[in-house]
Amino acid sequence: MLVLGIETSCDETAAAVVADGRVVLSDVVASQILVHAEFGGVVPEVASRQHVATIVPVIRGALEAAKVSWADLDGIAVTSGPGLVGALLVGVETGKALGLALGKPVVGVNHLAGHLAAVFLEDPSLPAPPPWPHLALLVSGGHTALIRADPDGRFRLLGSTRDDAAGEAFDKVGKMLGLGYPGGVQIDRLAAQGSAAAYALPRALPGRDDIDFSFSGLKTAAATLLAGRSSPPQGAELADFAASVQAAIVDVLVRKSRRALAREGLGHLVVCGGVAANRGLRAAMAAAAAEDGFRLYIPPIRRCTDNASMIAAAGTSALRRGERASLELAVDPGMPL
Ligand code: KG4
Ligand code: ZN
């Protein structure tokens, strides 16, 4: 079963062809990072216009790279929410137009379900997919959530952030440090050379039974530390600051995941979403897995950040269940999981 995935929910225009929901034949991502970096963050109107200009060449590129023709496709899966409304519209209208013109079934995919499906794509680093039930930590620019995935395909939200998402915390502190957009990637790079013990930063909501998150206090603490200095940190000090911020975020993500695994009696943890690309988080989760004896599944870095192969994977399951979107398929910017 060959499915074309289309993803335009934020600032990546992406298309991919996936066989049987598992084998990635092509995976094209046109990042808009350089366009938005000038503004220090994603500008929704600019994102929509970039998607319009890029979507057709990106889809053509995905078919060419996969060496398949339009006629070979069995269906089209497109992200219909959550995300930026104008950005989502470009993908959804393109997907519906292609479905109509080619006479192929179309399904709308929840972007978050896409992130959760990335771990089912074949990769040497993931010799086997996780069994059900399992726990998933979804950490991205817009979401931070602990989710229980049950054998019937249902997701149950166990805990989530009360304010900022983990990726948002990385990006906001990155901006304060003058690191440009997206800050998460820069903090990851700098943290590798710094000392995490250099600056004392808060770990929110440590209460015993809590599996919710909060990152606004960390942001305020970082701003206060920076405001108390005569000049912004540079060189080794900047690396120490980045390492301390990263550790504060990672500590909480690991602690709450362990607590949720224990509470739910689960032995398999999936970590996904853009922040799962963070090397500090990957290492800390691996250490926790070795210590506690749970199995860890993290997609390769290029499938943690936004891409369309994960949308094709989630869409294949939906198509197999017989789901079909009509031409009325609409975008839902606030779509829950
Ligand atoms: O999943 P994603 O690509 O888009 C959303 O659905 O939000 O996640 C983007 C987020 C951004 O906040 C970005 O800073 C963060 O993921 N991110 C990272 C790293 N790579 C991406 N954060 C920390 N370390 C990284 N290496
Ligand atoms: Zn995402």
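User: What should I know about numbering and cut-offs first?

Analyst: Residues count from 1 along each chain as written, and chains are lettered from A and ligands numbered from 1 in written order. The model is predicted, so local features need pLDDT of at least 70 and side-chain atom pairs pLDDT 80 or more, while totals for chains, interfaces and linings use all residues; side-chain values use heavy atoms, without hydrogens and water.

User: In what order do the strands form the open sheet?

Analyst: Strands (E, at least two residues) and helices (H or I, at least four) are DSSP runs numbered from the N terminus; two strands pair if DSSP finds at least two bridges between them. Here the order is S3-S2-S1-S4-S5, with mixed pairing. S3 (23–31) and S5 (106–110) are the edge strands, each pairing on one side only.

User: How many bridges join S1 to S2?

Analyst: Six, and the two strands run antiparallel. Val3, for instance, has Val18 as its bridge partner in S2.

User: Which residues touch the most other members of the largest nonpolar core?

Analyst: A nonpolar core is a set of buried Ala, Val, Leu, Ile, Met, Phe, Trp, Tyr and Cys residues joined through side-chain atoms within 4.5 Å; buried means under 20% relative accessible area (1.4 Å probe, protein chains only). Among 49 residues, they are Leu137, Ile249, Leu253, Val271 and Leu281. Helix H8 (235–264) is among the contributing elements, and H8 gives the most, 13 residues.

User: What does Val271 contact?

Analyst: Contact means heavy atoms within 4.5 Å. Beyond neighbours within four places in sequence, Val271 contacts residues including Leu137, Leu281, Met285 and Pro299.

Technical notes. Buried means under 20% relative accessible area, exposed over 50%, partly exposed in between (1.4 Å probe, protein chains only).
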